[in-house]
Amino acid sequence: MKELKVKVCGMRDPQNIDEVCKANPDFLGYIFHPKSSRYVGDSPDLSIFTRVPSSTKKVGVFVNEEAEKVIEICKEYKLKVAQLHGKESPDYCRQIRENGFLVFKAFSLDESFDFNILKDYISVVDYFLFDTKGKLPGGTGVKFNWELLNKYKLENPFFLSGGIGPDDYDGITTLNNKQLYALDINSGFEIEPALKDAEKVKAFIEKVRN
C-alpha cells in the first residue's frame, strides 16, 4: 500500500499545536464553523497559524460560508486549503480554486449515497473527503461502511474521514482503492474537543509512514 498522507483536524490550542506538529502531519485543520465544538473562535489568535511549520499545509474548514468570506479568511491566515462541508456548488468550488487555494469537498456517505453527484465536481476540486453521514455537517466520530468506497470510480484522490482511531490503520490497509490519498483524524485522538493526545497522533503517523 502506498504511503498515505495524514491530516489532523480541529486544532486551536497553541501548545497542543506545537506538540502535534512535532509529528509532522501533512495537513492541519482549523474549523471556522461557529456551531462546531472545535470552532477556532470569532477572532482567533494569529499565533495558532504562524507557529505551524511550512511543511504542514494549513486547512480552513467551512460549512456553507459565503465564498468571499472563505477567500478572505484563507488569505488572512495564509491557509493553503479550503475544506468545504456544506452544500457548496461546483461554481462555488471553482471560485475558491481560482483564487489560488486547494479545495477539499466533503461528502457524507451512507448506503443511499449517489456517487454520480460527484461528477460535476471533478474539475473544480483537488480532493474529495468522505466522512460519515450525520444529522449535522462535519464529523460524527463514527465510521461509515468503508465497503461503500468500492463504488468510487473517479480519478480525483480522496481523504478518508469519520471516526478513525489509533487502532484503525491495520483495517485501512485492507482498502484497495487506488485513489485513497490521505487519512483525516480528529475526535478519535482527542482528550477533549480541539485538544489532541499528541502521543497518540505521533504513534499513528509513524505507523502510517512505516
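Predicted model: local features only at pLDDT ≥ 70, side-chain atom pairs only at ≥ 80, totals over all residues.

**Stop 1: helix α1**

Start by selecting residues 14-21, which make up helix α1. Show the side chains of Asn16, Ile17, Val20 and Cys21, the buried residues of this helix. An α-helix has 3.6 residues a turn, so residues three or four places apart point the same way.

What do the buried residues of α1 pack against? Colour β1 (5-8), β2 (27-31), α2 (47-50), β10 (195-196) and α6 (198-209), and you have the partners.

**Stop 2: Phe32**

Next, pick Phe32, which sits in the loop between β2 and α2. Is Phe32 buried or exposed? Its relative accessibility is 8%, under the 20% cut-off, so Phe32 counts as buried.

To see what surrounds Phe32, leave aside residues up to four places away in sequence and show its contacts: Tyr39, Val40, Pro44, Phe49, Gly60, Val61, Phe62, Ile73, Tyr77 and Leu79. For a sense of scale, draw a distance from the C-alpha of Phe32 to that of Ile172; the two residues are 140 apart along the chain, and the atoms are separated by 29 Å.

**Stop 3: α3 against α4**

Now select residues 67-76 for α3 and 90-98 for α4. The axes of these two helices come within 10 Å and cross at roughly 25 degrees. That angle is under 35 degrees, so α3 and α4 count as roughly parallel to each other. The crossing of α3 past α4 is right-handed.

Which residues make the contact? On the α3 side, show Ala67, Glu68, Val70 and Ile71; on the α4 side, show Tyr92, Gln95 and Ile96. Sorted by class, the contact has five nonpolar residues, one polar and one charged.

**Stop 4: around α4**

Stay with α4 and highlight Tyr92, Cys93 and Ile96, which are buried. These three cover an arc of only 100 degrees around the axis, which puts them on the same side of α4. Among the elements covering the buried residues of α4 are α3, β4 (81-84) and β5 (102-109).

Finally, step just past the end of α4 to Gly100, where the backbone takes a positive phi of about 95 degrees.

Key
Residues numbered from 1 in each chain as written. Heavy atoms only, no water. Axes fitted to C-alpha atoms, helices over the stretch in contact; angles between N-to-C directions. Helix = DSSP H or I, 4+ residues; strand = E, 2+ residues; numbered from the N terminus. Parallel < 35°, antiparallel > 145°, perpendicular 65-115°, else oblique. Left-handed = near helix turned anticlockwise from the far one by under 90°. Contact = heavy atoms within 4.5 Å. Nonpolar A, V, L, I, M, F, W, Y, C, P; charged D, E, K, R; others polar. Buried < 20%, exposed > 50% of the residue type's maximum accessible area, 1.4 Å probe, protein only. Arc of directions from axis to C-beta.
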